[in-house]
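Here is a short report on one protein chain. Look at the structure first, then read on.

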Amino acid sequence: MPNLYPQLALVTDAICASMENTLVASKLMRWMDRGSSKIGPLNRFQVIERVPPRYNARRATGAVVNITGAKQDTVAGSEIFQLNSLIGYDFEDEDFSRIRDLDSAMKDERLRSIGRNAGEDVDADVLSFITRAGNNQTGTSGTAVNSIEALQNAYVRLKEEGVPDGTIMGVLSYSDYPALSKYLLDTVRNGAQTGETILGTLDGSIKDLLGMKLMFTQQLPVQVAGTRTNGAVNGAAQNVNYSAVALSQTTNGNFLTQTISADGFGANATIEDGAIFTIAGVNAWDNRKGASIGRLQQFRVVGAFVATAGGAVAALRIFPAIIVQNGTLTGDLGVNNANATVDAAPADNAVITFLQAAGTSHVVRALVARDAVRVETAALENLPSGENSSRKMKGVPLTLRAHRYSNGDTGVVTTRFDSAYQPNVEAYGRMKIVRVNGV
């Protein structure tokens, strides 16, 4: 009986299967399938979701609190989640002309290589976004994670930010493995044994340590520091009200960010996206218990900047915004008290200290909460001419679309493959990611 399975579908299935088998890091994140939603060109490929408000608790002894004078304000924030990113490959159709059945498609090394490359590209892209998104860092920048104490320090930082156990995943370099190997417990397939991996299948790169999963990979990003020197805050009272920074505006990840004026970075100095710094005299605040954490707050630069010839940046965007606690329960100040990030506003000329030395580069390792980042995806529509085929993966809702078309003028037949996906940080997701370095 002749094979009636379309040849383009054979090729698509083989590439997609190889691609899914290669994905590791991407499967650690939550994926949002937007295939049936209204995300598309009409709304600039984005959806807006509400961030719930936070409130203060009223306390009284021996009497009911009288609230006739003022009530607590309600301020709901918002975060934007975007899907306007594609990964694509294209080839001359002659490369696949000899593929005629599923067996030959699955065994074809060229198709498997295309899938592996695509999977590695997606993994590297997602890892680069995840590991660099947070504002917290432990250890000395660039130092290998060579002890269990280094992981414990990062774990403690996530607990200080309120991240629950059972959601934390470590993403480390293979070069860290030898020093940590004596502490690691192999994760086994669920069945007669317990301890199924977070991926649902046995994978040699996933291990257990400190009650969390560890993944070792060669696809971690490199953070390259700019030419900036340590600077200073340019002007006092640059703290803001939560109500002014609760909306993400038009860009994912801008929730709870603000701009500050700073100088002293050096003439025409560059400040890289993802740089982490502290400000003298500004400590982190735990608004759940209403107390200082007892360490300097760490801020992340959101976006890349170039200083003026005088070394100043008039509007440096940072996370988190500088929101000061004050004990007030009503009005804007009450909302600030419920959403405070620091114990005090920085003074004029307060020193800004970067945690990574200027001009250096190092591999970024991280501990990440599963709900810190999510990946938006959607199936692409079939194109109106030529031949179309698509396949949706099983482990993640990523769809690979293939399209074969020809040029009547040249006679060249081309096949292209495309997938739509984009990692986005959740509203408080930056606080649920800590870059981990050795001590």
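Pro-320 sits in the loop between strand E17 (313-319) and helix H7. Helices (H or I, at least four residues) and strands (E, at least two) are DSSP runs, numbered from the N terminus. The peptide bond that runs from Phe-319 to Pro-320 is cis, and its omega is near -5°.

## How the model is read

This is a predicted model, in which local features need pLDDT of at least 70, side-chain atom pairs count only at pLDDT 80 or more, and totals for chains, interfaces and linings use all residues. Residues are numbered from 1 along each chain as its sequence is written, and side-chain values use heavy atoms, with hydrogens and water left out.

## The chain as a whole

The chain has seven helices and 25 strands. Of its 439 residues, 49% count as buried. Buried means under 20% relative accessible area, exposed means over 50%, and partly exposed lies in between (1.4 Å probe, protein chains only).

Now take contacts, meaning heavy atoms within 4.5 Å. Among contacts between residues at least 6 apart in sequence, 77% join residues at least 24 apart.

## Two nonpolar cores

A nonpolar core is a set of buried Ala, Val, Leu, Ile, Met, Phe, Trp, Tyr and Cys residues joined through side-chain atoms within 4.5 Å. The largest one here has 39 residues. Met-29, Met-215 and Tyr-421 have the most contacts inside it. At least two residues of this core come from each of these elements: helix H1 (7-22), helix H3 (109-132) and strands E6 (168-173), E20 (366-369), E21 (373-378), E23 (399-406) and E24 (413-425). Helix H3 gives the most, with seven residues.

What does Tyr-421 contact, leaving aside its neighbours within four places in sequence? Its partners include Trp-31, Leu-83, Ile-87, Val-122, Val-126, Val-375 and Leu-398. Asp-121, Asp-125 and Glu-376 are also among them. Apart from this core lies another, of 23 residues, among them Ala-269, Phe-277, Val-301 and Ile-318.

## Helices that pack

Two packed helices are described by the angle between their axes and the distance between the axes. H1 and H3 pack at an angle of about 45°, and their axes are 7 Å apart. Therefore H1 is oblique to H3. Axes are lines fitted to C-alpha atoms, for helices over the stretch in contact, and angles run from 0 to 180 degrees between N-to-C directions. Angles under 35 degrees count as roughly parallel, over 145 as roughly antiparallel, 65 to 115 as roughly perpendicular and the rest as oblique.

Helix H7 (residues 331-338) has its own partner. Its residues Gly-334, Val-335, Asn-336, Asn-337 and Ala-338 are buried. The buried residues of H7 pack against helix H6 (242-245).

## Salt bridges

A salt bridge is a side-chain nitrogen of Lys or Arg within 4 Å of a carboxyl oxygen of Asp or Glu. The count by this rule is 18. Asp-33 pairs with Lys-392, and their closest N and O atoms are 2.5 Å apart. Asp-33 is in strand E1 (residues 30-33) and Lys-392 in strand E22 (residues 387-392), 359 residues apart. Asp-33 is partly exposed, at 36% relative accessibility. Lys-392 is partly exposed too, at 46%.

Glu-160 and Arg-295 also form a salt bridge, at 2.9 Å from N to O. Glu-160 belongs to helix H4 (residues 148-160) and Arg-295 to strand E15 (residues 291-301), 135 residues apart. Glu-160 is partly exposed at 26%, whereas Arg-295 is buried at 14%. Arg-365 bridges to Asp-176, with the closest N and O atoms 2.6 Å apart. Both Arg-365 and Asp-176 are buried. Elsewhere, Arg-30, Glu-49, Arg-374, Glu-376 and Glu-426 are linked in a network of salt bridges.

## Two positive phi angles

Asn-268 is not a glycine, yet its phi is positive, about 55°. Asn-268 lies in the loop between strand E12 (258-263) and strand E13 (270-271).

Asn-349 is not a glycine either, and its phi is about 70°. The loop between H7 and strand E18 (351-354) holds Asn-349. Not counting residues up to four places away in sequence, Asn-349 touches Ala-232 and Val-233. The C-alpha atoms of Asn-349 and Asp-263 are 8.7 Å apart, although 86 residues separate them along the chain.
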